[in-house]
Amino acid sequence: LQILLDENLVQAGWALKDGTFKHWNSKPDEIIKEIKRKWNEIDRELLLGDIVWFDITEKGKKEFEYLNSLPELKETDSFYDDK
């Protein structure tokens, strides 16, 4: 997660009811600390969106498309295994 935030491949924030995304204006280290703090404070089963939402950035989409196009990745990564 730290790498994804550091490399600006994803943004942390909140998904709003109107379908927009409000990203946090914090540094990646601060975001990780806040996620850990919230995770440790929850005293019930987690629900979707309790702690954070992530949104992929344009840079992240391009990186994913590039990695997804690599034939050697498809041959060795279990993500692509239909079993």
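## Overall architecture

The protein contains four helices and three strands, where helices (H or I, at least four residues) and strands (E, at least two) are DSSP runs numbered from the N terminus. Read from the N terminus, the order of the elements is α-β-β-α-β-α-α. This is a predicted model, in which local features need pLDDT of at least 70 and side-chain atom pairs count only at pLDDT 80 or more, while totals for chains, interfaces and linings use all residues. Residues are numbered from 1 along each chain as its sequence is written, and side-chain values use heavy atoms, with hydrogens and water left out.

Of the 83 residues, 18% count as buried; buried means under 20% relative accessible area, exposed over 50%, and partly exposed in between (1.4 Å probe, protein chains only). A contact means heavy atoms within 4.5 Å. Among contacts with a separation of 6 or more, 52% are made by residues 24 or more positions apart.

Strand β1 covers residues 10-15, and β3 covers residues 53-56. Two strands pair if DSSP finds at least two bridges between them. Strands β1 and β3 run antiparallel and are joined by four bridges; Gly13 has Trp53 in β3 as its bridge partner. Strands β1 and β2 also pair in the antiparallel sense, over three bridges, and here Ala15 has Phe21 in β2 as its bridge partner.

The hairpin of β1 and β2 has five residues between the strands, and Gly19 in this hairpin takes a positive phi near 90 degrees. A positive phi is also found at Asn8, a residue other than glycine, with a value near 55 degrees. Asn8 is placed in the loop between α1 (2-6) and β1 and is partly exposed, at 40% relative accessibility.

## The tryptophan pair and Lys38

Which kind of aromatic pair do Trp14 and Trp24 form? The structure holds one aromatic pair. The ring centres of Trp14 and Trp24 are 5.5 Å apart and the planes stand at 65 degrees, so the pair is edge-to-face. By the rule applied, rings of Phe, Tyr and Trp (its six-membered ring) pair if their centres lie within 6.5 Å; planes under 30 degrees apart count as stacked, over 60 as edge-to-face and the rest as tilted. Trp14 lies in strand β1, whereas Trp24 lies in the loop between β2 (21-23) and α2 (28-41), 10 residues apart. Trp14 is partly exposed, with a relative accessible area of 28%, but Trp24 counts as buried at 16%.

Both tryptophans are also in contact with Lys38, as is Ile51, when neighbours of Lys38 within four places in sequence are left aside. Lys38 belongs to helix α2. Is this lysine buried or exposed? Lys38 is buried, because its relative accessible area is 18%.

## The surface

The protein exposes about 6,900 Å², of which carbon and sulfur atoms supply 53%. Accessible areas come from the Shrake-Rupley method with a 1.4 Å probe, and for residues only the protein chains shown count as cover.

Leu1, Leu4 and Phe54 make a nonpolar surface patch of about 250 Å². Patches consist of residues with over 30% relative accessible area and no salt bridge; like charges are joined within 9 Å and nonpolar side chains (Val, Leu, Ile, Met, Phe, Trp, Tyr) within 5 Å. A salt bridge is a side-chain nitrogen of Lys or Arg within 4 Å of a carboxyl oxygen of Asp or Glu. Phe54 sits in strand β3 and is partly exposed, with a relative accessible area of 35%.
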